[in-house]
Number of protein chains: 2
Amino acid sequence: MLTIGTLSKKTGTKEQTIRYYEQIGLMPEPGRTEGGQRRYDNAQLDRLSFIRHSRQLGFSLDAIRELLDLSDQPNRPCEEADAIARRQLKQVEQRMARLKALRTELKRMVHECSGGRTADCKVLEVLRDHSECLTEHDEIGA
Amino acid sequence: MLTIGTLSKKTGTKEQTIRYYEQIGLMPEPGRTEGGQRRYDNAQLDRLSFIRHSRQLGFSLDAIRELLDLSDQPNRPCEEADAIARRQLKQVEQRMARLKALRTELKRMVHECSGGRTADCKVLEVLRDHSECLTEHDEIGA
DNA sequence: GCTTGAACCTCTAGTAGCTAGAGGATGTAA
DNA sequence: TTACATCCTCTAGCTACTAGAGGTTCAAGC
């Protein structure tokens, strides 16, 4: 039986985060000691590792919920899991494409700035006028 | 004089967002009609365009605040603005590097999945066991 | 058995950057 | 004057946590 602190260390997840996952139903309610402290078993350790790893790969908590559900039904076809992963891959690729355009623009801004007064600053000038941009970029919070 | 609705359309910013920017002090308090409705001038339109464009390039609201301050002081050296842009460029490059690693892993997951039962699903298997990953990836919310 | 202190508990509030909706007031054209 | 689009404020919600206050429990050493 593992305490929350041990589970936290083993998975690299903050204790508060573990409680949060329990609260939103991503982790099951664990057993408790008589005094009310949480105690975990290995199945729960595995589940948390799964969640953690999925988060590192950028899956949303909702997507992880779906993946966990699928994982609990070994005899279903795995197309759904595959679809979720493909969706995630697509998102990652879209984000990369956007970042690439932003990088181009930022590089240009920075390179053209010759270090004079802010009145002549190329960085500020570009920000003032979108039409100076060579690339299109219209995603906020990409 | 522009209404908030017109400003919203011209800049592609939601009305609520404009009010939010005012609330956090990023946009100045505009004039009001007798009845209390906001009316904007061209300086405010320019300012909002600047904010909007900076957001599209991924700058945080805090960074934008700094950039706006600099922009208001035409005689100061523009090194600070340049530094902010460089910082942003660096962040973008870091995010791209992380996404690249994630993409590699996701691609591998998806390609290896042959479409059987979830019990044998490669996608789920990889998520269960980080040691199967060929690349390192340890950024959440990249 | 008792003490001590690390680890645990719950609860609230905060983070970024908005977004949605309720319920009501205003502006403007016909 | 009437209709109704647009505006107002206020509250609460979103994602995915994180921090901290104030109090309780566990386990090891004496």
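Tutor: Happy to. Let's start from the symmetry: among the residues of chain A, M96(A) comes closest to the rotation axis, with its C-alpha at 3.0 Å. Please keep in mind that this is a predicted model. The axis itself comes from superposing chain A on chain B, which takes a rotation of 180° with 0.0 Å of shift along the axis and leaves an RMSD of 0.2 Å. The two copies are therefore related as by a two-fold rotation axis. They also use the same surface, since 100% of the contact residues of chain A recur in chain B.

Within chain A, there are two domains, domain 1 (4-59) and domain 2 (79-132). Taken over C-alpha atoms, their centres are 36 Å apart. M96(A), the residue of chain A closest to the axis, falls within the bounds of domain 2 (79-132).

Now to the DNA. Around DNA strand C there are 21 residues, and those that come nearest are R19(A), R38(A), Q16(B), Y21(B) and T33(B). Of the atoms of DNA strand C that come within 4 Å of the protein, 80% belong to sugar and phosphate. By class, this surface holds 11 polar, six charged and four nonpolar residues.

In R19(A), a polar side-chain atom lies 2.5 Å from a phosphate oxygen. In R55(B), an N or O atom of the side chain is 2.8 Å from a phosphate oxygen. The largest share, four residues, comes from α2(B).

Finally, a word on confidence. Chain A has a mean pLDDT of 89, and 96% of its residues reach 70 or more. Among its elements, strand β2 (residues 38-39) has the highest mean pLDDT, 98, whereas helix α6 (residues 122-128) has the lowest, 88. R38(A), one of the residues that come nearest to DNA strand C, is part of that strand β2 (residues 38-39) of chain A.

How values were computed:
Residues numbered from 1 in each chain as written. Chains lettered and ligands numbered in written order. Heavy atoms only, no water. Near = heavy atom within 4 Å. Polar contact = N/O pair within 3.5 Å; in protein donor to acceptor, adjacent residues only side chain to side chain. Helix = DSSP H or I, 4+ residues; strand = E, 2+ residues; numbered from the N terminus. Nonpolar A, V, L, I, M, F, W, Y, C, P; charged D, E, K, R; others polar. Domains from an automatic or database assignment. Least-squares fit on C-alpha atoms with pLDDT ≥ 70 in both. Contact = heavy atoms within 4.5 Å. pLDDT = per-residue confidence, 0-100.
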